[in-house]
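Here is a short briefing to read alongside the model. Take a look at the structure first, and then we can walk through its parts together.

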Amino acid sequence: MDMVSLICSKRDGRELTDAEIDWVIGAYVDGAVADEQVAAFLMAVFWRGLSVAELSRWTSAIIASGERMDLSGLSRPTVDKHSTGGVGDKVSLVLAPLVAACGAAVPQLSGRGLGHTGGTLDKLEAIPGWRSELSNREILAQLEEVGCVICAAGAGLAPADRKLYALRDVTGTVESIPLIAGSIMSKKIAEGTQSLVLDVKVGSGAFMADRGRATELARTMVRLGRDHGLRVTALLSAMDAPLGRAVGNALEVAESVEALSGGGSPDLVELTLALAREMLALAGIRADPAVALRDGSALERYRAMVVAQGGDPDAPLPRAAHVEIVTADRSGIVGRLDARAVGAAAWRLGAGRARKEDPVSATAGVVCHVKPGDEVAEGQRLLELHTDQSERLDWAREALKGAISIGEQSTLPGPVVLEVIA
Ligand code: URA
């Protein structure tokens, strides 16, 4: 086979065979075809799409480029969650121990944050001593003993995706539904979980602002997972305002512990419980996750998970050297609290990275003292900006221009869970 003919085939809309797709992925991983040829191929896929059969094979070929973890020896059913990422999305920190407390094993192999949404590993690394790198043997032992693990996906899982994603990132080919679906699902299938719940976010702070495209992505991923033998359900959830009140690494850990202790912002608790119920249903476990949040068993699993990964759950979390308060310039009712702007402000304060090798600050971020629908008085505290570098404050304030609207009209915040796609 030769790459030029395959690029032309895809460009002209011909459906590729299984052997052709296997060849493209294999040749790219082996270095037998050049980046510029695969870039042209990806651009052709971007415009032409992939058929159901092509996408299934594309995903299988990415999985076959590396190892597939074997979790079949565990005594509990395995179930994981993947979120397409949102501002203040600390759900994993609460959900994994919660579902483990109800009897499932949750293998959450995660990534780091890029851009305005934070990564789960970056959040947990705010805990003194906590480590994200675990061997496969440690992952299996922790799943058996604790019931949940949140750690870095090893280099052996879907290596073709890492190479393809880096190329898509610099060639304008990230926003393709089949390429996103294949990328996400190949990693989750290779991780070895039996069941998966997808949290596909919609709104200003989400990867997909448009509900139609988010629904299409969710349906594509559900079908792809099922074609590969997984039980999969997707939730569409709202991401117009930050989830919960904290945005930033240590700040989100503190808010997660609050939710695990029976408190927490209602939107965070509502989404976490909705995801937990779907996960338990797929795992065939009849338990009420709300009870595990109330009775302390989820918190106890969280503490055990942190300890198993070298962290000290009792150590004070790092705090920022500078905290600036943003107050309301008029009285009224909060209409909008724009997730993307708050995410950008947290990023500018140091909570996120521009390139994947950049460091992140554990302490930086934004605390939202109000949520849409709240009544405020002039001069009341709206936001707290946290940073160790005071020179970043002006830049963060700039990102927040127009992010909060205060009006006369009373608006009830909409539901967090918009739709379940099963
Ligand atoms: N996240 C992924 O893992 N892959 C994509 O293509 C997009 C988001």
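G332 has V376 as its bridge partner in strand 10, in a model that is predicted. Strand 10 is joined to strand 8 (residues 332-337) by two bridges, and these two strands run antiparallel. Strands here are DSSP runs of E with at least two residues, helices are runs of H or I with at least four, and both are numbered from the N terminus. Two strands count as paired if DSSP finds at least two bridges between them.

- Strand 9 (residues 365-368) and strand 11 (residues 381-387) run antiparallel and are joined by four bridges; G365 has H386 in strand 11 as its bridge partner.

**Helix packing**

- Helix 3 (residues 35-48) and helix 8 (residues 159-169) have axes that come within 10 Å and cross at roughly 75°. Axes are lines fitted to C-alpha atoms, for helices over the stretch in contact, with angles from 0 to 180 degrees between N-to-C directions.
- Helix 3 is therefore roughly perpendicular to helix 8, a term that covers 65 to 115 degrees.
- On the helix 3 side, D35, V38, A39 and L42 meet L164, L167 and R168 of helix 8.
- By class, this contact of helix 3 with helix 8 has five nonpolar, no polar and two charged residues. Ala, Val, Leu, Ile, Met, Phe, Trp, Tyr, Cys and Pro count as nonpolar, Asp, Glu, Lys and Arg as charged, and the others, including Gly, as polar.

**The whole chain**

- The chain has 16 helices and 13 strands.
- Its C-alpha trace spans about 70 × 45 × 35 Å along the principal axes.
- An automatic or database assignment divides the chain into domain 1 (3-49), domain 2 (79-154 + 168-308) and domain 3 (322-407).
- The C-alpha centres of domain 1 and domain 3 are 43 Å apart.

**Reading notes**

- Residues are numbered from 1 along each chain as its sequence is written, and side-chain values use heavy atoms, leaving out hydrogens and water.
- Local features need pLDDT of at least 70 and side-chain atom pairs count only at pLDDT 80 or more, while totals for chains, interfaces and linings use all residues.

Technical notes. Angles under 35 degrees count as roughly parallel, over 145 as roughly antiparallel, 65 to 115 as roughly perpendicular and the rest as oblique. Contact means heavy atoms within 4.5 Å.
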